[in-house]
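User: I am new to this structure and would like to learn how to read some of its features. Please take me through them one at a time.

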Amino acid sequence: MKICAYVQDKYAKQNYKNESFNTRIFAGLRVVIDILQRAGYHVEYAGSATAHKYDIILVSITSDCDWWEFIAERVRWKQGNYKVVVGGAGVLNVRPFLPFVDYFVLGRAEGVVDRLVKGDVEHRSIVESRSFSADKDYYINQVTEPYLFEVDLENGQTYKEGMIGCNHRCLFCGYTWHRRHLGGAFRYGDLWNKNEDVEIALLNYAKGQRVNLNKLRTTAIDGLSQRIRFMVNKKITCGVLQEFIRDLATCDKPHQVKFYNIIGYPTETEDDWWEFVEDIKAVDAKLPKTTKQTSILLHSTPFRAMPATPAACWPMSYRNYRGEIA
């Protein structure tokens, strides 16, 4: 049986000086490959030009954004006697993709993907396209401990899973609601082999913990007012935000920091937007003049909760926010 892990064209070498797939960290897919190798299977890599030569094609969808380019490539594949198996954090609502995929794996791969390759597809976390029914219950596969083995990533690093899921419980985030939380407090450093927390820096401040602001380049606020942040269970007060901005502005190496934000929540008004500006002004008014300044780059994404989260039923705003908030 010939098995390949699929590399999307956008990660292939023709678009980069180095093979992007080798420099990005596809830890989840490497774990899947490791599971199959330990079961005695040989797994190769393939792209859109060679995928049809294999019996089983493994595809990693890390977010819903991966779907669009994958489908654009999938419709150009040559015909063949292959089965397409898709898994990853971006696999939830399978209905739009049934014509392009044979099997979907929901959640963790342990105890599922090796059975599927053997031909056993009767698992509650496997969705078979030809037998899919919206009336059937499917489950996101969970495990009781992080992956036991170290795996060598394509970028030369060694990956050892230290934790699963997230304990912060932001109401819109699938990472905290789709995975059983194991292995201590959520840290991006554990995921990406970096030494610095990024998105959770503000949440750490809210808990009285400190981070190395000299190295911080990005963080997440996910709401421009205290009311909005508390509404989604992100307990960052105005006082915490102002303290964070003050410390950022007076750290040893002032620099630009990108604040990732979510815009367009239900009940949100422009007064919520202005609160963020007022918090910055309140800090800035007390700072001494200096030639070395910290700058804040606000990156706002329209609200769209992930499926199977508490906020999944909240209405989206169909307003075009581009250019309205900066």
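**Reading a residue and a sheet**

Analyst: H255 counts as buried because its relative accessibility is 11%; buried means under 20% relative accessible area, exposed over 50%, and partly exposed in between, with a 1.4 Å probe and protein chains only. This is a predicted model, in which local features need pLDDT of at least 70 and side-chain atom pairs count only at pLDDT 80 or more, while totals for chains, interfaces and linings use all residues. Residues are numbered from 1 along each chain as its sequence is written, and side-chain values use heavy atoms, with hydrogens and water left out.

User: Where is H255 found?

Analyst: Helices (H or I, at least four residues) and strands (E, at least two) are DSSP runs, numbered from the N terminus. H255 sits in the loop between α9 (238-249) and β10 (256-263).

User: Which side chain makes a polar contact with the side chain of H255?

Analyst: A polar contact is a pair of N or O atoms within 3.5 Å; within protein, one must be able to donate a hydrogen and the other to accept it, and residues adjacent in sequence count only if both atoms are side-chain atoms. Here the partner is the side chain of R217, at 3.0 Å. The H255 side chain also reaches the backbone oxygen of K253, at 2.6 Å.

User: How do strands form a sheet?

Analyst: Strands of a sheet pair through backbone hydrogen bonds, either parallel or antiparallel. Two strands are taken as paired if DSSP finds at least two bridges between them. In this model an open sheet of six strands has the order β2-β1-β3-β4-β5-β6, with mixed pairing. Its edge strands, β2 (43-46) and β6 (126-128), each pair on one side only.

User: Which residues cover the faces of β1?

Analyst: In a regular strand the side chains alternate between the two faces of the sheet. In β1, I3 and A5 lie on one side, C4 and Y6 on the other, and all are buried.

User: Which strands does helix α2 touch?

Analyst: Contact means heavy atoms within 4.5 Å. Helix α2 (residues 27-38) packs on the sheet and touches β1 (3-6), β2 and β3.

Methods: Axes fitted to C-alpha atoms, helices over the stretch in contact; angles between N-to-C directions.
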